[in-house]
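Subject: Structure for your review

Dear colleague,

Please find the structure below, followed by a summary of what was found in it. I would be grateful if you could read the two side by side.

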Amino acid sequence: MASGISPVSWSNSRPEPVQPADQVAALLQRANIHRIDVEGCELVWQQWPTRSTGARPLLLLHGGFGSWTHWLANIPVLSEQRAVWTVDLPGLGNSGDMPEPYTTAHFADLLLSGWRSLIGREQTFELAAFSFGAMIGGQLAAMASEQCRRCTLIGASGFGGLHVQASLLPPPGPGVAAAEAEAIHRENLARLMLYDPASIDPLAVYIHGDNLARHRFRSRRLAGSNDLAEVLPTISAELVGIWGEHDATAGGAENIEARRKLFAEAQAEARFHVLPGVGHWAMYEAPETVNRLILAGD
């Protein structure tokens with residue numbers, strides 16, 4: 001009986017590995033793209049399909065010099081239980097340039113305005129945000145008040161003197177040979193983003209290089225501010241903090257514990273997790289653990 005499956009011709013040659021650019025493109029093809037103009041800035045949002053009926057929206061915010069692809073390792077699993085949305089922050093990825101003033105509050109106001117135009121003012125949501133995006137996400141959660149039910153902050157900046165600026169190699173210009181550019185990206189990923197050398201794979205290198213090529217807004221000045229520490233006590237959403245044990249921006253165990261204390265002072269029931277053997281880009285380096293913490297909080 002014919003199976004209906006076309007016969008396969010086998011050979012001794014191995015199939016070509018999927019290229020990182022193709023991996024990114026394949027996932028993006030699954031998303032619905034929304035473009036929302038706020039104050040003359042076009043915000044580009046990605047809405048990911050979910051099989052979970054009535055799932056609560058989960059908004060993911062990426063880090064500085066990044067785009068939605070910071071969440072590439074997490075979107076497929078998270079979207080099984082949540083209605084996942086990502087967005088390119090103003091001045092980054094495919095979104096328009098950030099209008100003045102260049103403040104954390106203005107970033108959050110722009111995003112919340114665009115977000116509410118997509119989901120409304122009554123629909124509750126959850127938020128997970130990384131690095132520079134976590135500083136903005138904390139501000140957004142405070143502005144959204146009871147509409148935001150859970151706020152997970154990963155490797156968050158915005159803690160003033162607790163924050164460390166990693167020393168990086170100058171990014172490669174357009175005339176730099178591909179092999180040299182890759183070496184620079186790998187070194188900078190090791191210095192800032194990822195602790196385990198095995199995590200610095202071709203996909204991580206591609207994501208990092210592609211995001212750097214598209215960035216226009218330099219976030220490092222804002223990252224060193226105390227903006228998140230100041231707004232943390234005003235967040236009504238359930239708070240979850242996640243840091244990699246070896247986060248290059250964290251300043252070591254003592255500074256991580258100082259952040260834990262700030263979370264506890266802001267919200268007695270706040271959850272705080274330090275992931276062993278993990279660097280700054282925790283959701284790429286430990287996706288299973290981070291996904292579980294985003295969905296469950298503990």
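In what follows, a contact means heavy atoms within 4.5 Å. The structure is a predicted model, in which local features need pLDDT of at least 70 and side-chain atom pairs count only at pLDDT 80 or more, while totals for chains, interfaces and linings use all residues. Residues are numbered from 1 along each chain as its sequence is written, and side-chain values use heavy atoms, with hydrogens and water left out.

I begin with Thr249. By that definition, Thr249 touches Gly155, Leu162, His163, Val164, Leu192, Arg259 and His280, residues up to four places away in sequence not being counted. Thr249 sits in the loop between strand 7 (238-244) and helix 9 (253-266); helices (H or I, at least four residues) and strands (E, at least two) are DSSP runs, numbered from the N terminus. Its relative accessibility is 5%, so Thr249 counts as buried (under 20% relative accessible area, with exposed over 50% and partly exposed in between; 1.4 Å probe, protein chains only). The side chains of Thr249 and Asp247 make a polar contact at 2.8 Å (a pair of N or O atoms within 3.5 Å; within protein, one must be able to donate a hydrogen and the other to accept it, and residues adjacent in sequence count only if both atoms are side-chain atoms).

The aromatic residues come next. The structure holds 14 aromatic pairs (rings of Phe, Tyr and Trp, the latter by its six-membered ring, with centres within 6.5 Å; planes under 30 degrees apart count as stacked, over 60 as edge-to-face and the rest as tilted). One of them is the edge-to-face pair of Tyr102 and Phe217, at 5.6 Å centre to centre and 70° between the planes. This pair links distant parts of the chain, 115 residues apart: Tyr102 is in the loop between strand 4 (83-87) and helix 3 (104-119), and Phe217 in the loop between helix 6 and helix 7 (220-223). Tyr102 is partly exposed, with a relative accessible area of 36%, whereas Phe217, at 9% relative accessibility, counts as buried. The rings of Trp281 and Tyr284 are stacked, because their centres are 4.4 Å apart and their planes are at 25°. Both Trp281 and Tyr284 are buried.

Yours sincerely
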